[in-house]
Amino acid sequence: MTEPAGTPDPGAAPTIDTNAVGDGALPVETPSASPALLERLEVARTLLLKVHRALLEAERVRYEKARGRIANNSAFLQLVINDPWFDWLRPMAQMVLLIDERASDRKSPLGEEEGRALLDRARGLLRADPEGDAFQRLYADALQHSPGLAVLARQVAAVVAG
């Protein structure tokens, strides 16, 4: 017999939602993310980080063609942080950080539903679209100009999709 939607996984350790405790409401148990989901998130995080690094390198080449050689890695880091040229890469870095934060949060453990939502967000982020938002457009362009990045991105998308 199939469990109804929303029924906690009996094998998952419950967590307590303490957000409503202060107003007199009873704590609500929410199922923790399964070890398999946590592993998938860790693999996705690692691969997203690889894609981010590859995008940084591709963008460095593009920047140097347009504006001249970057003196060193320290100067490059400052550009990545401060120059609007690199702003479009922030969603990828933010996704990696979000997975890190949520997967390691001991006070409010990641739930199964939230874990799946993170994978969905990562999947959406990896959607290259020449007509999409700034990230999707520039990501599509980067994939067109870097076959190695395109192969890596397909591998990551497959892992994130499950």
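Reply: Start with one crossing. H3 passes H4 in a left-handed crossing. Keep in mind that this is a predicted model.

Me: At what angle do H3 and H4 pack, and how far apart are their axes?
Reply: Helix H3 (residues 90-104) and helix H4 (residues 112-125) pack at about 165°, and their axes are 11 Å apart. Angles over 145 degrees count as roughly antiparallel. H3 and H4 are therefore roughly antiparallel to each other.

Me: Which residues of H3 and H4 meet?
Reply: Read one side, then the other. H3 brings Pro 91, Met 92, Met 95, Leu 98, Ile 99 and Arg 102. H4 answers with Glu 114, Leu 118, Arg 121, Ala 122 and Leu 125. By class, the contact of H3 with H4 has eight nonpolar, three charged and no polar residues.

Me: Now H1 and H5. At what angle do their axes cross?
Reply: Roughly 80°, with the axes of H1 and H5 coming within 11 Å. Angles of 65 to 115 degrees count as roughly perpendicular. That makes H1 roughly perpendicular to H5.

Me: Which residues of H1 and H5 make the contact?
Reply: Val 51, Leu 55 and Arg 62 come from H1. Phe 135, Leu 138, Tyr 139 and Ala 142 come from H5. The classes in the contact of H1 with H5 are six nonpolar, one charged and no polar.

Me: How does H1 sit against H2, in angle and axis distance?
Reply: The axes of H1 and helix H2 (residues 73-82) cross at roughly 95° and come within 12 Å. H1 and H2 are therefore roughly perpendicular to each other. On H1, the contact uses Leu 56, Arg 60 and Tyr 63. On H2, the contact uses Asn 73, Phe 76, Leu 79 and Val 80. By class, the contact of H1 with H2 holds five nonpolar, one polar and one charged residues.

Me: Next, pockets. What is the general idea?
Reply: Rolling a probe the size of a water molecule over the atoms shows where empty space is left. Take the second largest pocket here, with a volume of about 190 Å³.

Me: Which residues line the second largest pocket?
Reply: The lining consists of Ala 58, Glu 59, Val 61, Arg 62, Lys 65, Trp 88, Leu 138, Asp 141, Ala 142, His 145 and Ser 146. Helix H1 (35-67) and helix H5 (134-145) are the elements that give two or more residues to this lining.

Me: Which element gives the largest share of that lining?
Reply: H1, with five residues.

Me: And how do the lining residues divide by class?
Reply: Five are nonpolar, four charged and two polar.

Methods: Residues are numbered from 1 along each chain as its sequence is written. This is a predicted model: local features need pLDDT of at least 70, side-chain atom pairs count only at pLDDT 80 or more; totals for chains, interfaces and linings use all residues. Side-chain values use heavy atoms; hydrogens and water are left out. On a 1 Å grid over the protein atoms alone, a cavity is a set of points where a 1.4 Å probe fits but cannot get out, and a pocket is an open set with protein on both sides within 12 Å along at least five of seven lines; lining residues have an atom within 4 Å of a point. Grid points are joined across faces, edges and corners, and a volume is the space filled by probe spheres set on the points. Helices (H or I, at least four residues) and strands (E, at least two) are DSSP runs, numbered from the N terminus. Ala, Val, Leu, Ile, Met, Phe, Trp, Tyr, Cys and Pro count as nonpolar, Asp, Glu, Lys and Arg as charged, and the others, Gly among them, as polar. Axes are lines fitted to C-alpha atoms, for helices over the stretch in contact, and angles run from 0 to 180 degrees between N-to-C directions. Angles under 35 degrees count as roughly parallel, over 145 as roughly antiparallel, 65 to 115 as roughly perpendicular and the rest as oblique. A crossing is left-handed if the near helix is turned anticlockwise from the far one by less than a right angle, and right-handed if clockwise. Contact means heavy atoms within 4.5 Å.
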